[in-house]
Amino acid sequence: MPGTFAYLGPEGTFTEAALRTIPAAERGVRTPARSVPEALEAVRTGEADAALVPLENSVGGAVPVTLDELITGSPLMITQEVLLPVEFVLAAREASPLAGIRSIAAHPQASAQCRHWLQANVPDAIVVDVLSNAAAAISAATGEYDAALCAPIGVGRNNLTVLAEKVADRAEAVTRFALLTKPGRPAPPTGDDVTSLAVSIRHDQVGALLAVLTELAVRGINLSRIESRPTGEQLGTYVFFLDCTGHVAESRVGEALRGLRRICAEVRFLGSYPKHRLQPEPPVAPPPGLTDDDFADSAAWLDRLRTGS
């Protein structure tokens, strides 16, 4: 297991909280990075064995800088995903009524996800943008601002008092993080896995995206996420990020990858890894005739035909 972990810092953020849910990271060395590119570059250069960075949020959507980093530079591979409920707290140096709060430090994404709560509960407070949730907690601890909207991990670290818990406009908000390493052999399939890809289609070919989706659909592979990002080369050219059910070791997923390789300008394999579920639920099953056993059986049948056995 990796021993040195980089993560999007600073300390006291949701990213650190997510990283510490991984047992190897809790035992290992954790180093905050100033940005997503810096965290991933630490893996590319060998300064870190793995890096944890945010991939998407259920409210704010994908994290563009992470997607862009996954298609530039030397390849990296997702080995694990972490889902973390995003529950902010309003904290201050000492207990005080909400009516007395006049200034609140918050990261812009935090204040955006708690805008209605803030208007309803502290309407007279001025919300001041800071660089991170950790910076918000520190500024409240030093008395620069009356309170902070921050991650729970920052409360004890800065000796703050919680004024309000689970501060959010949407209680079900979740952030998805990805643990990335240098490319290697994926862990064996678990039966409930995700395969992530970045594919570049030929933009001058009619129906190119439909052809990509067909390669998955005809094999009973569920597409759980699709996101596009411009390549930066010229207007109208995009890379599509796909999350699919299944594992690269499975026959049906392997056949789909071969099909994508034939029709796409480029296919970058981003990893096959266990799906993280916050609540127990069965994986999406392929339709009858499209299970991995069905694909293996049809391949064996074709081999018998070709060999005359």
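This is a predicted model: local features need pLDDT of at least 70, side-chain atom pairs count only at pLDDT 80 or more; totals for chains, interfaces and linings use all residues.
The chain has 309 residues, of which 44% are buried. Its secondary structure consists of eleven helices and 15 strands. Along the principal axes, the C-alpha atoms occupy a box of roughly 85 × 40 × 40 Å. Contacts between residues at least 6 apart in sequence were examined for their reach along the chain, and 76% of them join residues at least 24 apart. The accessible surface amounts to about 15,500 Å², and carbon and sulfur atoms account for 54% of this area.

The structure contains 16 salt bridges. One of these salt bridges joins Glu56 and Arg176, with 2.9 Å between the closest N and O atoms. The two residues belong to distant parts of the chain, 120 residues apart: Glu56 is in strand β3 (residues 50–57), whereas Arg176 is in strand β11 (residues 174–181). The partners fall into separate accessibility classes. Glu56 has a relative accessible area of 21% and is therefore partly exposed, while Arg176, with a relative accessible area of 8%, is buried.

A salt bridge is also formed between the side chains of Asp243 and Arg225, with an N to O distance of 3.3 Å. Asp243 is part of strand β14 (residues 238–245) and Arg225 is part of strand β13 (residues 223–230), so this pair ties together parts of the chain that are 18 residues apart in sequence. Asp243 is buried, its relative accessible area being 3%. Arg225 is likewise buried, because its relative accessible area is 11%, under the 20% limit for that class. Through salt bridges that share partners, Glu56, Glu81, Arg176, Arg225 and Asp243 are joined into one network.

Another salt bridge connects the side chains of Glu26 and Arg20, with 2.9 Å from N to O. Glu26 is partly exposed, since its relative accessible area is 36%. Arg20, with a relative accessible area of 30%, is also partly exposed.

Pro274 is located in strand β15 (residues 266–274). With a relative accessibility of 36%, Pro274 is classed as partly exposed. The C-alpha atoms of Pro274 and Gln80 are 6.6 Å apart in space, although the two residues are separated by 194 residues in sequence. When residues up to four places away in sequence are left out, Pro274 touches Thr79, Glu81, Thr190, Asp192 and Asp193. Glu81, one of these contacts of Pro274, is also a member of the salt-bridge network that includes Glu56 and Arg176.

Leu302 lies in helix α11, which covers residues 292–307. The relative accessibility of Leu302 is 34%, so this residue counts as partly exposed. The value is over the 30% required of a residue in a patch.

Terms used. Residues are numbered from 1 along each chain as its sequence is written. Side-chain values use heavy atoms; hydrogens and water are left out. Helices (H or I, at least four residues) and strands (E, at least two) are DSSP runs, numbered from the N terminus. Buried means under 20% relative accessible area, exposed over 50%, partly exposed in between (1.4 Å probe, protein chains only). Contact means heavy atoms within 4.5 Å. Accessible areas come from the Shrake-Rupley method with a 1.4 Å probe; for residues, only the protein chains shown count as cover. A salt bridge is a side-chain nitrogen of Lys or Arg within 4 Å of a carboxyl oxygen of Asp or Glu.
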